[in-house]
Amino acid sequence: MKRIFAFLFSTVLVSLSAANLIPGDTSAETERATAGNGNFGAMIYGFGDARLTWDKSNGFDGKSSLKTMAADVYSLKSSLKLKKGEKYTFSFYAKSERDGVRGQINCVPSDLRQWPHPAGGRNIVFTPEWKRYSFTFTAQKDCPHSGIYRVFEDKAKVNFDAFMLEPGEQASPYCPASNLTVGISSNEIPGNIVYLNEDLNLTVSVRRFKGTGTCSLTVRIISKNGRLIKKYETTPVFDQDGMFRFVPDFTPKQVGWFKVEAEIRSQEGAGKDFRSYVVTVPAVPADKSILPFSGICSLFTPREIFLRMGASWRYYAQGFSYAASEKGKIKIYGMNSVRKDKEAGLAVKLMIDMHPPERLFSAEEKAAMKRYGLSPVRFVPGKNADADWRQFMEELVGQYWKYVDVWEFGGELDARFGLNPYYKNKYPDDLKGVFSAGYVSERTAELIRIGASIIRAKNPNAVITAVRPCDVDCRNDFLFSSSVYSRLPGVLNSFGIDSYARPRRIGPKDPLPGPVTDLIEQRNAALKVVGKSVPDSKNIFISEFGYELMLESVNDPVLLNRYACCLAQSLLMARAAGFTSIGFYTSLGMHETGKSTYAHWIGENPLPSVAAYCSIARFLRNVKMADFSIPAADTVVAVYGKSDGTACGAVWTCNPENAPDIIMDAVRLTDMDGLPLKFKADKGKIRFSAGYEPVLFYVKNYAAAKKVLGGMKFIMRDPLKADFRMKTRNLVKLYLSSKSTVNPVRCRFTYDGRKNDVLVPPSEYVILELPLKDGQKEISLTLDFPENGQQMSLAFDIPKLTEIPKLAKPFKPDASPEKWQDLPAMNFDSAELIYPIDVFGWHGKDDLSVRLNLAHDGNDIYVFATVKDDFHCNKHSAAGVAAGDIFQLAFDPKTNAFGFGKDRRRPDDTNIALALATGKSVPVFYYGPDRKLFEHSEYAVRRDENSKTTFYELKIPMKSLEINPASDRVFGFSAVVFDDDSGTRWDYYMNLFPGITGGFDPARFGLFILQQ
């Protein structure tokens, strides 16, 4: 399967000429994605509302080109790694419909954010004749770059063709990177979401730039699980323009996701292209008496894609800062299509961004922006903004009150306003947890009160919510939200949250995302907030939810399916738990040089998660009642009653290692895409295996669904939990813990040629030691359970061990860096290490970053942390130093965390911290086997204000940590640095290694071994 998907999201071409570095069809003859689907491009979802079209009747090289339909920034699909200091030239041909259209050519590092648009470049003026434009530049760093082309004038139509990026300072005659290019096209279908039996009209086009040799074309159509649906092989016969077109005889016959691959090969060159599609059926009409459930949180996705997906909500946003940027004038933007959305059957949520225009900032606020490095979005409008705010709301409500179903005041105000260090420093007595909540909450409430009164004057029954808290508030008992809601009794009647899974990342090195059952706890906590101010309201919804797909996962079908399963589970759980709606987040696309994406399309190509959304949105459409149970560990069963009297249900496990077999009354079963499943049937009962992918079932009515739910039986297929832990460099411990509380569990397996027969008592565990061979990379085992005939497959990748260097002689800690300069160090300076994830306050390496050294002398372990921090704040007494800047570290000497539960500390684990508080080095002992550890240790902390650096240094006897210096024993180590920028309480922290925060779990620590 991995071989089949090897080219899923890449294009590989054999080079024709060293001149053009851009792979793919840079002339837009066979496909258009290469030249217009990149990091800064507006053509993300393809057809429909796209700003960049494929003009097949007008080209400089050949017959086709790309035509812009609006002012915007566009870029090439491929990001090419360039060498620092080298000169390159980017060029293209272009023509406009009229003289004098202004534009720009540029080539920039493509690790920039989508916004702001890339700066610099060369300004150009287009003409009605084809003309070549070039831009020579020097690469400022070793990194991928993207070619940029820009049109400044709205509605100006400009054609672009024949793109090149080449070394040197001159533009050579146009030449593609490969003699052969291939592309796949179809009917213009929004989002590549096809209705069952809709004409697809697949066409594979091949272009030969020059030459006369023969070549072979292979076309494959492949399903989600890698099964070959159809294969075509042919020998192209090129016409006088060097073109060949092949039309596969294929019509999708079932719902789900599939991919079309085309590959051309010859001695003259080679090329490969792919397109993916989702097949679905039209959604049934929505029941207008039921608040719609499934939404997509995206401002830019074309309406037709929403409708084809089965989504029910359309999101809009309006910013006070932009709309009121000019005194006495209000500019409402981006709402032109809201009436058409309503006519198409979509409900509308409008988020109102509350921060003020900069013209209303006081001198003190402007100084705070500079001092703390804050953006304008971090400030709540002051009293001087009331008149402008009222004018803004009256204009907005007056024009659009008929079309808005839910009004949302503020987006993530908990992090924006509540975590602002300026407010925390100015109002230290207003702190509520990590948030500044007094003045900030009151001003926020005053503005909401004004806005809500204007809305209710037009619509007394309007649904109004506030704050839209992100993960910061969601994981802090909604402290900031409750401080706002408590000031608005009777004003608000709903509560929308941005609650993401934790952890949320999906990648080959990442643990499973947080279980969707966490949504139950989230809703209960949110209901308490709303219940205090609006007791009659049960309208708790999720404004934004999603998962972060690591880009190294986009060629892995297992992880792509996990991404899809997480989406499906989230929709099913949110509805069953009682959320009234959910907005699943999707970003515009993928940055090729980034590390992750929230997108569900890569360019124009949908991921399998789009198919999952289409199916589950239809499955949950018109549901008016729901219930769920968690009958076995990690297993969820949910049932749903619909307004037409029918009912359905779903079952899944949040942990694929703990999936049971299920025996239940005979019903119709499908997978999460809606395809029929086979199962064992006997005497009116069926048996099937639950899995990470939800199984859907269908019954006559809700009473029957509840009966099925109550009659289910669960048989655990994997009665043991397995944890692998390193013991020494060449020895792995396998902990087998029983899930059974009654019966012993017997298992058998073979490892290293030796048969093992293991008996695990009920609720107990056993430890097995598995030796490693030199160079061994992984352990694979199959456990056989003779009592029930089941098997359990285990796999463990041997982790990297970091060797701690041995010092030539001991020394006394003095917090000076000189003695550490020549010793190996670990650097931590990434935003991915900052938590809470949604924090607005971290501004880069100078704000907070760490250089960490570890060493030993045979008796003691030395730890030295160089913490770059623009503000060192810890004004607390010894009892409260953990609230300010502090360096916390932990040791796991026996690597013995295993089994169940979130807190897996053991008596041998040590957790300590070190702070510089009111100018003094202050140690903090949390727990460990040596309660007098700091009496037996030496430590020092020093702050250098000139370099904005704090140095932490410790020397700890290994016997206090129960680490044996003479052994080859592996041990775990973790560290975290907390940062307080306001002088009140830490704002965020940087995890150097995981496992301390978010539930103490030494199994996640980094692994180390002593150099002998």
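This is a predicted model: local features need pLDDT of at least 70, side-chain atom pairs count only at pLDDT 80 or more; totals for chains, interfaces and linings use all residues.

Colleague: Why is α6 called roughly parallel to α9?

Modeller: The axes of α6 (residues 386-400) and α9 (residues 439-458) cross at roughly 30° and come within 10 Å. Angles under 35 degrees count as roughly parallel, and therefore α6 is roughly parallel to α9. The crossing of these two helices is right-handed.

Colleague: Why are both an angle and a distance quoted?

Modeller: Two packed helices are described by the angle between their axes together with the distance between those axes.

Colleague: What makes α13 and α14 roughly parallel to each other?

Modeller: Helix α13 covers residues 557-577 and helix α14 covers residues 608-619; their axes cross at roughly 20° and come within 8 Å. The limit for roughly parallel is an angle under 35 degrees, so α13 and α14 meet that description. Their crossing is right-handed.

Colleague: Which residues make the contact of α13 and α14?

Modeller: From α13 come L560, Y563, A564, L567, A568, L571 and L572, and from α14 come P608, S609, A612, Y613, I616 and F619. They divide into 12 nonpolar, 1 polar and no charged.

Colleague: Let us turn to K642. Where is K642 placed, and what are its contacts?

Modeller: K642 is in strand β35, which runs over residues 635-642. Leaving aside neighbours within four places in sequence, K642 is in contact with R618, F619, L620, R621, N622, V623, K624 and C648.

Colleague: Why does K642 count as buried?

Modeller: Its relative accessibility is 17%. Buried means under 20%, so K642 counts as buried.

Colleague: How do you know that the side chain of K642 makes polar contacts with R618 and F619?

Modeller: The side chain of K642 reaches the backbone oxygen of R618 at 3.4 Å and the backbone oxygen of F619 at 2.8 Å. The cut-off for a polar contact is 3.5 Å, and both distances are within it.

Colleague: How far is K642 from F1005?

Modeller: K642 and F1005 are 363 residues apart in sequence, and their C-alpha atoms are 47 Å apart in space.

Technical notes: Residues are numbered from 1 along each chain as its sequence is written. Side-chain values use heavy atoms; hydrogens and water are left out. Helices (H or I, at least four residues) and strands (E, at least two) are DSSP runs, numbered from the N terminus. Buried means under 20% relative accessible area, exposed over 50%, partly exposed in between (1.4 Å probe, protein chains only). Contact means heavy atoms within 4.5 Å. A polar contact is a pair of N or O atoms within 3.5 Å; within protein, one must be able to donate a hydrogen and the other to accept it, and residues adjacent in sequence count only if both atoms are side-chain atoms. Axes are lines fitted to C-alpha atoms, for helices over the stretch in contact, and angles run from 0 to 180 degrees between N-to-C directions. Angles under 35 degrees count as roughly parallel, over 145 as roughly antiparallel, 65 to 115 as roughly perpendicular and the rest as oblique. A crossing is left-handed if the near helix is turned anticlockwise from the far one by less than a right angle, and right-handed if clockwise. Ala, Val, Leu, Ile, Met, Phe, Trp, Tyr, Cys and Pro count as nonpolar, Asp, Glu, Lys and Arg as charged, and the others, Gly among them, as polar.
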